[in-house]
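Visitor: I would like to learn how to read a few features in a structure. Can we take them one at a time?

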Amino acid sequence: MSKVLHPIEHKIIRTLKETPNITHDEIAKNAELTIDQVRRGVEWLKYKNLVEVHESEVFFASLGQNGKEAVEKGLPERRLVNYLVKHKVCTFDDARTAVLENEFNAAISNAKQNGWIEITKGQTSNIITLKDNIKHSPEEELLTILANRTPVSDIKNKSAFESLKKRPDFIRLDSIKTTVITLTKQGLDTQITHSTGALLAIDVEAPAPEVFAARSHPLQDVINEVREIFVSLGFAEIYGNLAQPSFWNFDALFTPQDHPAREMQDTFYIKNASTNKIATHNQIAKVSESHKKGWHYNWKLDEAKRMVLRTHTTCVTIRHLADNNPDEARIFSVGRVFRNEKVSYKHLVEFNQVEGVVVGKNVTLRDLMGLQREFYYKMGLKKVKFWPTFFPYTEPSLQSMVYNEKLGKWVELFGMGIFRPEVTKPLGIKNPVLAWGGGIERIAMLKFALSDVRELYNNNLGWLRSVPKCP
Amino acid sequence: MPVVTLYLNRLQKLLGKKTSRKKIISTLPFIGLDIEEQTKDHISVEYSPNRPDYSTDYGIASGIQGLLGIKTGMPKLKIKKGKYSIKVDPSVRKVRPFITAIIAKSGKLDNETIRQIIAMQEDLHNGIGRRRKKTSIGIHDLDKIKFPLIYTTVNKDHKFIPLTSSFEMSISEILQKTDVGTKYGNILGTSQQMPIILDSIGNTISFPPIINSNLTTISKNTQSLLVEITAVDKNAAEDALSVVANVLQNAGFSIFSTKISGANNSAPSLNSRRMILEVDLVNKILGLNLSTSTIISSLRKSRLDAKSQGNKIICTIPRYRTDIFGTMDLVEEVALGYGIQNLEPTIPQSVSTGQKNKITIALDSMSAIMVGLGYSEAMNFSLVSKEVQYDLTKRDSSNMISVDDSKSQGHTILRDSILPGLIDTLSRNIHETYPQRLFETGVVFSKVSNEIREEIHLACVCAYNDISFSEIKSILQSVFRTGVGLHCTTQMSSVPTFSEGRTANIIINNKTVGVIGEISPEVIDNFKLRIPVAGFEVKLTGLIFD
């Protein structure tokens, strides 16, 4: 807790040392501060344990309608006595004319109690005799005091007060809540220094207003991290279009034209779009031949020309390999891919995929597994295992599983395989091609502990401003 | 991916050797099956559609037997000669030209076996059958049928009692009123002649590929079966038939052949094939040094037959393994039989140096500049909604590029500009502290005589009470000066999304490369923003990279 006191705090403490136990308003008046300054200052001091704030309720008594009348006309017992002063002795029946019928009993009993009268039995009626030396009763004294509103705690004669309270509408009670500020022992001990023009100390420990650092998108950070790893492993990045002819997205990858994956329910076909030059004549002829031989059907060029939003980055890879025909290569590509699915917490229509490829005369399936392990190791994922799986354009094909420490379970990450000869041969690629890849959002979800993939694209500033750059 | 439910008790029995459940479950992934769900009694696994033999627990048991060495080598399909014949009428040529069939006799069906068979039939319809279009399967109670059968065509007024019905319906009614009729009727196209299988006394057996007759419904009491498959592709029909024949043999049936003739149809050929595998190829691809005998035993564990001949291995592949195209598929079979877990990963030698693509490098730099100027990166989709892209932003939609049949309402057109998405992002953050400064880079699409063009743009928006044209222009100037050393000027223009009189074209090297301005109050209103916004969008393609 800061030991530095603000000038406002100084003034409040000084005022309380002069006049202890006063209200906010009184402090404001004495210290020449606004009420807002006092409220704020008292809060700070309370937080620093220098003052205590006590709330209390003060009750006041004043006269009701009947009480006020009694001040003017006298209490019933007084009026009875005044009558007796004129007549000295009278019967009960006579006395009844002096006061109101409903006040009579009270008048008699109070006058008797005050020692003002004596009652003796007459022949037909009781006789009232006035005594000497008649003084004011405590009720009468209290009545005059209560003509001004008085704190209940200031009333000394409690029994007179109780007696008046019993009479209907003689006394009215009300209360006022007040807050009183008191210095604590620490507060009393606080030294008040008088500043002498030197730089005033400020509360260096108080919280400062928030500002938000501008930053790249967390998902972009993961993409960049993946990119850096590929580059560090000796891979060159290639770039390709998002809209591709079906030829490169499917046909060149030995996916038959009637394959369910090509149907509209999985793939986005672009309306009224086509392209004249999808590939070289030789590439088209060879791919078509490979389909006829492998899948026994009538391959159609028109189907291959249909434009799709790429369903994987492999179309970019295979086109690069077909056009450049390298004997040895390490290349990768990363970017958006599309699937015609219903958006949900685990599916997006558009997401990022990365794919790496190694071409070489002597590359093996074990090398592919090794590169994979190396890649994950650089991502901070140390436990990796492999299972067989199926992909239409690789053979053999494997699935990698990595152990997620946070979740305490194995999760499926990248798929991999060696391009099928049915894919490479027609395109003139002679050496084996190791390929692997997968979605980046999945890695980002693990990294940022998200359970809903949509959050990555919500651009919720609350999240973007709070998620750590290096978690 | 199709899913099979396996009852562990039954699977244990099928294996024929006492095997713990734990052992079974841990083996499943190594024959390529993904575990989907697991309870005390059963386990659901996903298999890839290229292995239709895994569509029943019989096929999966066979795979596990192989990998665990309980039974290895190719399961032999024994087909006895039957006296059953099917004649094909040439009229089917135009509508569904092929039929193939086998007979399965003296077996026993229990509820679970029937369930497995029906599930297999569905998977085969969807996979090899391409949703019944290419092939469709009918399984019938043999004892209800009088041979010979004829596969022919009839008119749409032909009537019979279809499966699960108790009254006669005409083919027209079946196509219009039943679920299967409406779902698969379009396979038959506009033909008025409908394919039909009739028996020798004129009973309807099946109306392929839609529905069987009620007459031949199978039950627990059925002892013998007719399996017929009609198709537009004879090869695919025999692929499917080989899967069914093997399953029924495993389920305890004796398999008999049928004689099929007429209109280019013939008895099915379900024979195995042979393929030669070179030992060197296996070792080269897997990076191992396996002996011929290890390769042979690995292939046998993958339920293939193999024997050596010199430096080569002769493999015998059962008909149902339609996934095996060539020798590379056999290499994978060796890897699986050998055990993927036994392959130790290695790192290949390489002298190549990695590098990022020049577009990536340029975008990284632009991004760094934007962040330095206080702008945070947003990431939006490139497949967007017309509402945001054109309607709310008041942009001209006449060159809109759509995709066919999107399953998600908000993703139906390709963006031709990044700004609308950024304004939409602001509108979803009105409860967050201002100022809000956002930028995005990405691909936008345009169409030039049906050809799709892709370009990369940079856009940014700034929203707070004191934003002005001059502030956003300062940002623009700084981006290009500090980013790429280019000087840009602005020239008064009029663009729908922006306020009239506070909008300009961005000119760099005498070319208009973008637009800058204050967003019009109407657009601000459309997005329910209660704060002024300014922004710009620039085409980077052709400016800082090609």
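Visitor: In which sense do strand E5 and strand E13 of chain B pair?

Guide: This is a predicted model. In it, E5 (residues 98–105) and E13 (residues 225–231) of chain B pair in the antiparallel sense, over seven bridges. B:Phe98 stands opposite B:Ala231 in E13(B).

Visitor: In what order do the strands of the sheet in chain B lie?

Guide: The sheet is open and has nine strands, in the order E6-E13-E5-E14-E4-E7-E10-E11-E12, with mixed pairing. At the edges are strand E6 (135–141) and strand E12 (211–212) of chain B, each of which pairs on one side only.

Visitor: Which strands does H7(B) touch?

Guide: H7(B) packs on the sheet and touches E5, E6, E13 and strand E14 (254–261) of chain B. The direction of H7(B) makes about 160° with that of E13(B).

Visitor: Which residues touch the most other members of the largest nonpolar core?

Guide: In soluble globular proteins, nonpolar side chains tend to be buried together. Here the largest such core has 220 residues, and B:Val227, B:Ala240 and B:Cys460 touch the most other members. Helix H7 (residues 234–250) of chain B gives the most to this core, nine residues. Leaving aside neighbours within four places in sequence, the contacts of B:Val227 include B:Ala101, B:Ile139 and B:Leu241.

Visitor: Which residues of helix H18 of chain A are buried?

Guide: An α-helix has 3.6 residues a turn, so residues three or four places apart point the same way. In H18(A) (residues 441–448), the buried ones are A:Glu441, A:Ile443, A:Ala444 and A:Met445. These pack against helix H11 (218–232), strand E11 (350–359) and strand E15 (433–439) of chain A. Just after H18(A), A:Ala449 takes a positive phi of about 50°.

Terms used
Residues are numbered from 1 along each chain as its sequence is written. Chains are lettered from A and ligands numbered from 1 in the order in which they are written. This is a predicted model: local features need pLDDT of at least 70, side-chain atom pairs count only at pLDDT 80 or more; totals for chains, interfaces and linings use all residues. A residue is buried if 20 or more other C-beta atoms lie within 10 Å of its own, exposed if 12 or fewer, and partly exposed in between; C-beta atoms are placed from the backbone. Helices (H or I, at least four residues) and strands (E, at least two) are DSSP runs, numbered from the N terminus. Two residues are in contact if their C-beta atoms, placed from the backbone, lie within 7 Å. A nonpolar core is a set of buried Ala, Val, Leu, Ile, Met, Phe, Trp, Tyr and Cys residues joined through C-beta atoms within 7 Å. Two strands pair if DSSP finds at least two bridges between them. Axes are lines fitted to C-alpha atoms, for helices over the stretch in contact, and angles run from 0 to 180 degrees between N-to-C directions.
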